[in-house]
Amino acid sequence: MFEKKTVRDVDVKDQVVLVRTDYNVPLTVTDEGKMAVASDFRIREGLPTLRSLLENGAKKLILMSHMGRPEGKDEKLSLRVVAETLAGLLPGSVVNFVDEATGPLVKEAVDELPERGILLLENLRFDKREKEGSEELAKEIVEATGATLFVQDGFAVTHRAHASTVAVAKLLPAVAGLLLEQEVTMLRGALAEPERPLVAVIGGAKVADKQPLIDRFLPVADRIIIGGKIAADGYESDHAQIYVAEDFDTDGEGTRLDIGPIATAKMAGMVSGAKTVIWNGLLGKAEDPAYATSSTILAKILGERDDETSIILGGDTSGFVEGLYMEDPSLTYSLISTGGGAALELLAGGEMPGVEVLEGK
């Protein structure tokens, strides 16, 4: 199911390993006015790869990521707060930060890093060449870090041909991290060899974004449930396996902001009888607690069952489920995908340049 080499397939002993992570995490402002990580979910999901590299003798780990969509350098989007959070999650490990991604400051920080230490580079997107897929930037990163191996573990960016996803991988031996392997394997397996019944729940706002996913599921899903704004706006289908929400909760002006009790009850029945559930797109305006009812019910049904495969996709949906999980860690899911657009691109059969460039087994 996963045809690329991973960190299990290479000898990492005494290597300086450059790891592309996905630390594009939500931030908050503390009472003291400082930036802080609001959810460390993505950081924790990448820990198995880091631990594997260290346990197998990697000399030094150099981590790189982006955060947000900065136009040049923006201290509000610095990864310094991520380094602080990562240090708390890896007690006993040295975790340093350097506020550049290339150049002599990076080289100095790598030289000063003790063996088995971890260094996080500054936000890659402070340099516009990152999104341009610049080979020059990739060379500067490799030269400054002295890396001898590249590990791609940022699944969320593997559908982009950026400097840190493709250009770097062409300069070094390049393999997948454990998180990347898990996400790709589970997503491909959910379509190729799902336990049945397979139910897909599709919400969100834009039909144009969701229709390719609906079309992809039609040949393989036993049932497709349509909610969210696309249902509220009148989505129609004559396919027998597609159920479109039939009633809605509204505000005082009659605006449909959540699927209603009839649709929620039917949805609950369908997913309760499923063996595989793939959910992408919130079912209502869930940022308002008054209209988060159906999404909360679905998340709890999936999280309280241990006899089905539950896959949560999309930035808003994953973020919503992460929030519930933080409140109730007893909820369990097979996969809360860290990749919004990447997961949808993979499921739709699109190109994944950040995966394709890795070494094959």
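**Salt bridges and an enclosed cavity**

R129 is buried (under 20% relative accessible area, with exposed meaning over 50% and partly exposed in between; 1.4 Å probe, protein chains only), its own value being 17%. The model is a predicted one, in which local features need pLDDT of at least 70, side-chain atom pairs count only at pLDDT 80 or more, and totals for chains, interfaces and linings use all residues. Residues are numbered from 1 along each chain as its sequence is written, and side-chain values use heavy atoms, leaving out hydrogens and water.

R129 pairs up with E136 in a salt bridge (a side-chain nitrogen of Lys or Arg within 4 Å of a carboxyl oxygen of Asp or Glu), with 3.0 Å between the closest N and O atoms. E136 is partly exposed, at 48%.

Another pair is D233 with K229, at 2.7 Å between the closest N and O atoms; here K229 is partly exposed, at 45%. E246 and K266 also meet in a salt bridge, 2.8 Å from N to O. Both partners are partly exposed: E246 has a relative accessible area of 44% and K266 one of 38%. Going back to R129, salt bridges with shared partners link D127, R129, E136 and E140 into one network.

The lining of the largest cavity includes V19, Y23, R42, D153 and T338.

Terms used: On a 1 Å grid over the protein atoms alone, a cavity is a set of points where a 1.4 Å probe fits but cannot get out, and a pocket is an open set with protein on both sides within 12 Å along at least five of seven lines; lining residues have an atom within 4 Å of a point.
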